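Please open the structure in a viewer and prepare to select residues by number.

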Amino acid sequence: MEKTLANNKVEFNDNVLTCFGKTFYYFESFSSLKIDDLEKYDAIIIDARDIEFTRIIIKKFRSHSNIEVYLKPLFLINNKATEDPYIKELTDGMIMSFDQIPETINDINQINMKVTRLESSASSSFEVQVFKKALNYMFTRDLNTLKPMIDINSSIGYCYPVLSVNFDAFEEVKAIELLEWAEKENLIWPDFYDRVYLCSNCKGGHLSFREICPNCDSANIKSEDLVHHFPCGYIGAISDFKNKVDTVLTCPKCSKNLRHIGVDYDKPSIINHCQNCNDVFQDYLVKAKCVQCKTDTDVQFLVSKNLNIYKLTKKGRNSAVGGIYTSDYALNNEVVGTLDIKTFLTMMHYEQERIKSNALLNSNLVVFYFENIFDLYRIVSKSKEKSLLAEFVDIIRDNITPADFICINNPSIISVCINDANLEDAKIMVLKISNMIQELVMNNFNRFDLEISSNVESLSKTIAFDKQMQTTIKELVEKT
Ligand SMILES: [Zn+2]
Ligand SMILES: [Zn+2]
Ligand SMILES: [Zn+2]
């Protein structure tokens, strides 16, 4: 089939369309075609008449491991209104007809330009690999937020499309766990949105809740009102007061008819009667049966997970082009005069014990956060990263005493312990160090303006050190 469309700009041939030098593949039905074979096209147009088909094709692209495939511009044609979060969130737009193809060219160029800026070194872990994919997608599409969306196909009822697309529907909780990891790494910042309860065995969220008998676990229970007859004090189930003839209630103890609720009797509570074991009880249990693995769990033992709306932190935004550096990042060993994070934590623990024993002793925790250092690394090339940090460490070292410790947490954060100095003196030292580092960068890297935020505080004598450091870093990273 060959035809030229009305405006002469778009050519159509065997599902391949050409327009302004860009080639589009028109995906209209399942075929023997492999997604890998479509890498060479500039964009894909999916015929979205069938929602199921559309979702599957989108997932195939977006979950692919090849960056050329998972970032491919995808457009929909003939689409129907749908609440499917993958279809709504993971495509680049829709067209009414092929005549509108020229209108997509600009978007495609924008995406391609951003793709060339992405960092692409080998990932150090599974978390880094999958999260980097999400960051790459977000960067190329100008997204800053990860929001949970209702998804009937997800095992927990919600998904984060950009991230969840990399997991099978039944392992949706892995996306949540990955977000928890990214939050710890200060890549994203949470705002509470909702909470879900999950099976303690398989972390599935499709649960069937039942009120059950505490004696035999049967759900076959009948509840009825408990009646309290004031004149004689009798308390019993309402069925004991009923007769088969009329609606009059008669007390089984004193044989008087009951008149007005609140006057001569009331209904203080409810009584449950198990139809299976005949037990009578006031409080039933609630259990949740997992539809996925059939485990029946007391609701108090379900796993609860917060679903947050996550915003990228500055570190997160920079990581698409600068790479993800995790907290176990091992550059420390290589820069002379610094401690790796584990040794630093141990030394600080001893330091804390030392000052605890004497009220006159005081130490200070200093954290430097180099906010836009990844922009600098882009200019100076990553291989210079180590020597640059070594220079920063030299400046810090020159301004503190030999007994103080320095730790490179990651390429944007350096922590220092200044022993036996008062807080005000330490603050002055930190200001001086920041100015010297900024000056060094400005003079050597083409007037680059390095933004440094720092925090100085007394080493806590009560809070565990790792907690104190984490909180400080979080606050610094969040502020920016
Ligand atoms: Zn029972
Ligand atoms: Zn009575
Ligand atoms: Zn389960």
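The stops that follow move from the domains to the metal sites and then to the sheets and helices.

**Stop 1: the domains**

Before selecting anything, please note that this is a predicted model. Colour residues 2-115, 214-283 and 327-479 separately; the domain assignment of the chain calls them domain 1, domain 2 and domain 3, respectively. Between the C-alpha centres of domain 2 and domain 3 the distance is 71 Å.

**Stop 2: the zinc ion (ligand 1)**

Select the zinc ion (ligand 1) together with C213, C216, C274 and C277. The SG atoms of these four cysteines coordinate the ion at 2.2 to 2.4 Å. The site is tetrahedral, with angles of 105 to 117 degrees among the 4 donor atoms. As a reference, ideal angles for four tetrahedral donors are 109.5 degrees.

Along the chain, the donors of the zinc ion (ligand 1) are spaced as C-x2-C-x57-C-x2-C. C216 belongs to the loop between β12 (207-212) and β13 (221-229), while C274 belongs to strand β15 (residues 265-274), so this pair ties together parts that are 58 residues apart in sequence.

C274, at 0% relative accessibility, counts as buried.

**Stop 3: the sheet that includes β15**

Keep C274 in view and display the strands β14, β13, β15 and β16. In that order they form an open sheet of 4 strands with antiparallel pairing. β14 (235-237) and β16 (280-281) are at the edges with a single partner strand each, so one side of each has no neighbour in the sheet. β13 and β15 run antiparallel and are joined by 8 bridges. Which residue is the bridge partner of I221 in β15? The partner is C274, one of the donors of the zinc ion (ligand 1).

**Stop 4: the zinc ion (ligand 3)**

Next, select the zinc ion (ligand 3) with C199, C202, C290 and C293. The SG atoms of these residues are the protein donors, and they lie 2.3 Å from the ion. This site is tetrahedral, and the angles among its 4 donor atoms are 100 to 114 degrees. The donor spacing along the chain is C-x2-C-x87-C-x2-C. C199 is found in the loop between β11 (188-198) and β12, and C290 in strand β17 (residues 285-290), so the pair ties together parts that are 91 residues apart in sequence.

With the cysteines still selected, consider their accessibility. C199 counts as buried at 0% relative accessibility, and C290 counts as buried at 2%.

**Stop 5**

Move to residues 363-370, which make up strand β20. This strand is part of an open sheet of 4 strands in the order β21-β22-β20-β23, with antiparallel pairing. The edge strands, β21 (405-410) and β23 (452-458), each pair on one side only. On average, neighbouring strands of this sheet are turned by 15 degrees against each other, direction ignored.

Inside the sheet, β20 runs antiparallel to β22 (residues 413-419), and 7 bridges join the two. To see one bridge, select V367, whose partner in β22 is S415.

Helix α9 (residues 341-356) lies across β20, β21 and β22, at about 25 degrees to β22. Helix α12 (residues 423-444) lies across β20, β22 and β23, at about 165 degrees to β23.

**Stop 6**

Select residues 43-47, strand β5, which is mostly covered: 5 of its 5 residues are buried. A43, I45 and D47 point one way from the strand, and I44 and I46 point the other way.

Which strands pair with β5? Strand β4 (residues 22-27) pairs with β5 in the parallel sense over 4 bridges, and F24 stands opposite A43. Strand β6 (residues 74-77) also runs parallel to β5 and is joined to it by 4 bridges, with D47 opposite I77.

**Stop 7: helix α4**

Finally, select helix α4 (residues 105-115), and within it the buried residues I105, I108, I111 and K114. The elements covering these buried residues include β3 (16-19), β4, β5, β6 and α5 (126-140).

Technical notes: Residues are numbered from 1 along each chain as its sequence is written. Chains are lettered from A and ligands numbered from 1 in the order in which they are written. This is a predicted model: local features need pLDDT of at least 70, side-chain atom pairs count only at pLDDT 80 or more; totals for chains, interfaces and linings use all residues. Side-chain values use heavy atoms; hydrogens and water are left out. Donors are N, O and S atoms within 2.8 Å of the metal (3.2 Å for Na, K and Ca); water is not among the atoms, so sites may look incomplete. Four donors count as tetrahedral if all angles lie between 85 and 135 degrees; four count as square planar and six as octahedral if opposite donors are over 155 degrees apart and all others between 65 and 115; anything else is irregular. Buried means under 20% relative accessible area, exposed over 50%, partly exposed in between (1.4 Å probe, protein chains only). Domain bounds come from an automatic or database domain assignment. Two strands pair if DSSP finds at least two bridges between them. Axes are lines fitted to C-alpha atoms, for helices over the stretch in contact, and angles run from 0 to 180 degrees between N-to-C directions. Contact means heavy atoms within 4.5 Å.
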